[in-house]
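Dear colleague,

Please find below the structure that I am handing over to you. My findings follow it.

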Amino acid sequence: MAVTPELYAKLFHRALLIRRVEEKIIELYPSDLIQSPVHLSIGQEAISVGVCEAMKDGDLVYGSYRSHALYLGVGGDLAEMFAELMGRIGGVSKGKAGSMHLTYPKKGFMGSSAVVATQLPHAVGSAYAAKVRKTDQVVVCVFGDGALEEGVTHESFNFAALEKLPVLFMCENNQLAVHSHLHERHAFKIENMAKLFGFPYTRIDKGWDLTEVYETCKRETDSVRAGGGPRFIEAATFRYKEHVGTNDDFHVGYRDRADFEAWVKNDPLVQDKAGLRAYLAGVDAEIEAAVAVALKSPAPGIEELLTDVM
Amino acid sequence: MSAQLAVKADVETVSYANALLETMDNALGDNPNCIILGQGADDFKGIFGSTAGLADKYGHNRVRDMPLMEDGMTGIALGAALNGVYPILTHIRSDFVLLSANQIINLIAKYKYMFGGLYELPLMIRTVIGRSWGQGAQHSQSLQSLFAHIPGLTIVVPSSAQTVLDTYPYLIAQHKAPVITFEHRMLYNLDFEVDRGQFLNNPLTSRLVQQGSELTIVASSIMVLEARRAAKWLKEHGITFDLIDVHAPSHIDRRMIIESVRKTGKLLVLDTSWTSFGTTAEICRLIAESEPQALKAAVRSLGLAPAPCPTAKALEDLYYPNLANVVDAASALARGKAAHGIPLPPEKTMSDIYKKFRGPF
């Protein structure tokens with residue numbers, strides 16, 4: 001499916017919103033308004049934007065602790081996101097979730113977990129429920145390359161393949177698990193792991209390319225919906241910031257700034273000057289308005305401490 | 001107890017396994033979106049009879065044999081529950097559920113609270129506590145207090161067919177939260193007198209099984225039966241006691257226990273697990289914090305020897321508290337001295353007795 005100029009504008013606008021939201025978080029962070037670990041998606045926005053745009057109403061998606069982009073990708077409310085990060089009652093989860101556990105069920109984003117790979121069986125389970133209930137849902141599971149090392153991933157892939165479940169596995173390969181490189185962690189090729197379970201495998205090399213990401217995701221989600229079982233996308237991407245926190249970390253020595261600079265040369269959110277001219281001011285105004293709403297929301301009171309435990 | 005029940009018209013004899021099978025059958029029949037997932041759930045043994053025949057009746061898609069994937073299938077249950085299905089997981093030994101502990105403790109227990117009440121996770125995880133015939137260290141554990149420690153989980157340890165029949169339908173149809181049950185393997189083949197006319201406003205709490213005067217015994221799972229057998233023995237020697245079935249370690253009836261101890265002044269706690277940090281410790285905490293002045297004697301608790309379970313029968317028989325241990329502890333409390341003068345039953349091990357005796361209880 002070709003990307004029209006209108007659709008490209010939508011994808012660019014959404015990716016820019018994510019980028020600028022995260023840059024706002026960087027700006028706010030020293031003020032301690034956000035008292036929680038943040039795992040920024042800067043550099044990885046295109047993946048979430050593309051895969052979410054490929055979803056239909058009723059489809060579900062699961063993510064990890066690095067899910068600011070996924071939340072905004074499905075169209076999560078911006079003020080509720082800032083309020084959530086600030087621990088306010090007006091947050092999407094009343095401040096009890098924070099940055100690492102964003103969710104937005106109204107748009108099918110069913111949760112994010114701060115324990116690596118735990119969301120894989122959740123996506124598979126929702127897909128099994130879709131099969132039992134005979135819905136035409138596709139369930140998308142977004143995870144990083146590190147998740148492929150966990151045992152539950154093997155279990156989840158096996159069951160999804162056995163049952164030919166309607167699930168799209170989207171691996172965001174940023175080559176890093178905290179500070180450890182892929183080559184230090186994987187004795188296997190990701191493609192081979194997907195093929196072990198018979199998943200049709202697609203690799204996106206240009207993980208910055210909104211068009212390629214969207215077109216691939218659209219084709220793959222359509223194929224999943226048509227039946228025939230799970231499919232697997234590996235998308236190369238780049239984490240611009242440190243694993244957790246708001247800083248650059250090229251100086252500490254585990255990765256090379258040159259790789260980052262090569263990636264940025266292709267980053268539309270840096271290079272597309274016309275796009276930035278068209279949308280930057282509007283996006284920033286939207287963010288300022290959302291922050292203002294979030295700041296007006298009070299902290300949760302003691303009545304919330306024991307609410308929703310059971 | 002049976003004399004009182006016998007006058008009612010709707011009393012019948014039901015085995016623990018058949019009570020479970022009935023609740024599973026009704027759960028699948030009542031809700032087309034209810035499924036059972038477990039290793040061997042659809043085979044000829046059917047989780048010791050508790051799912052026997054259900055795959056043929058409802059389809060292998062709804063009663064599904066699972067690959068060996070305890071961790072994954074628990075996450076699958078979470079994801080299925082979020083998409084409109086009520087999943088029931090089965091584990092033929094509770095020890096295996098430790099492979100699911102990450103999903104249970106980090107995810108399932110927290111999903112509602114962590115996301116500010118946006119989600120409910122109605123689901124059930126059924127596990128079986130093994131005992132006897134050399135189950136050994138990894139097929140015999142009673143892990144209910146480990147999970148009852150975690151906020152957000154509902155834990156049930158049914159002691160009889162009656163408690164299964166009055167609790168499971170409620171849990172499955174009305175309790176919109178994750179439940180873990182610990183069913184004792186030695187109870188499965190036992191017959192129980194079941195009162196079909198019994199209605200409980202709140203089946204998810206402790207039960208006052210019988211009343212007496214000398215002491216209070218609080219027990220869980222099969223230890224409730226041991227206490228009932230001890231009651232028969234001790235009655236002949238003039239000792240009666242209140243017997244409270246914990247039933248739901250996550251939903252203990254604090255008032256029931258406090259009121260009983262206020263009346264008797266003496267407390268003996270029996271559990272199928274170790275005593276330290278467990279249900280027995282929790283019951284003692286309850287009294288120590290709420291009503292210590294009611295105690296006329298130090299509390300006693302009986303559970304497993306503080307070791308992994310040995311396989312050798314000679315050691316296994318020493319590992320578990322037996323009827324004589326219960327009678328001895330209860331007598332010492334009732335008489336106020338270790339040399340209580342009450343004869344002890346000659347029985348050495350519960351498992352030998354239950355091989356011959358099927359009930360009804």
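Predicted model: local features only at pLDDT ≥ 70, side-chain atom pairs only at ≥ 80, totals over all residues.

**Findings**

Helix 13 itself covers residues 323–335 of chain B. Its 13 residues reach 18 Å from the first C-alpha to the last, close to the 18 Å expected at 1.5 Å a residue. The buried residues of this helix are Leu323(B), Val326(B), Val327(B), Asp328(B), Ala329(B), Ala330(B), Ser331(B), Leu333(B) and Ala334(B). Among the elements of chain B that cover these buried residues are helix 9 (222–235), helix 14 (350–356) and strand 12 (267–274).

Chain B also touches chain A. The contact takes 33 residues from chain B and 34 residues from chain A. On the side of chain B, helix 4 (70–81), helix 5 (101–108) and helix 6 (111–114) each supply at least two residues. Helix 4 of chain B gives the largest share, eight residues. By class, this side of chain B has 17 nonpolar, 13 polar and three charged residues.

I turn next to the sheet in chain A. It is an open sheet of six strands, with parallel pairing and the order 2-1-3-4-8-7. Strand 2 (109–113) and strand 7 (201–204) of chain A stand at the edges with a single partner strand each, so one side of each has no neighbour in the sheet. On average, neighbouring strands are turned by 15° against each other, direction ignored. Within the sheet, strand 3 (residues 139–144) and strand 4 (residues 167–173) of chain A run parallel and are joined by six bridges. Val139(A) stands opposite Val167(A) of strand 4 of chain A.

Two helices of chain A meet these strands. Helix 5 (residues 119–133) of chain A packs on the sheet and touches strand 1 (60–64), strand 2, strand 3 and strand 4 of chain A. The direction of this helix makes about 170° with that of strand 3 of chain A. Helix 9 of chain A lies across strand 4, strand 7 and strand 8 (231–236) of chain A, and runs at about 170° to strand 8.

Helix 9 (residues 210–225) of chain A also packs with helix 1 (residues 5–28) of chain A, at an angle of about 110° and with the axes 10 Å apart. The two helices are therefore roughly perpendicular to each other. Helix 1 of chain A contributes Tyr8(A), Leu11(A), Phe12(A) and Ala15(A) to the contact, and helix 9 of chain A contributes Leu210(A), Thr211(A) and Tyr214(A). By class, this contact has six nonpolar, one polar and no charged residues.

With kind regards

Note on methods. Residues numbered from 1 in each chain as written. Chains lettered and ligands numbered in written order. Axes fitted to C-alpha atoms, helices over the stretch in contact; angles between N-to-C directions. Helix = DSSP H or I, 4+ residues; strand = E, 2+ residues; numbered from the N terminus. Parallel < 35°, antiparallel > 145°, perpendicular 65-115°, else oblique. Contact = placed C-beta atoms within 7 Å. Nonpolar A, V, L, I, M, F, W, Y, C, P; charged D, E, K, R; others polar. Pairing = 2+ DSSP bridges. Expected span 1.5 Å × (residues − 1). Buried ≥ 20, exposed ≤ 12 C-beta atoms within 10 Å, placed from the backbone.
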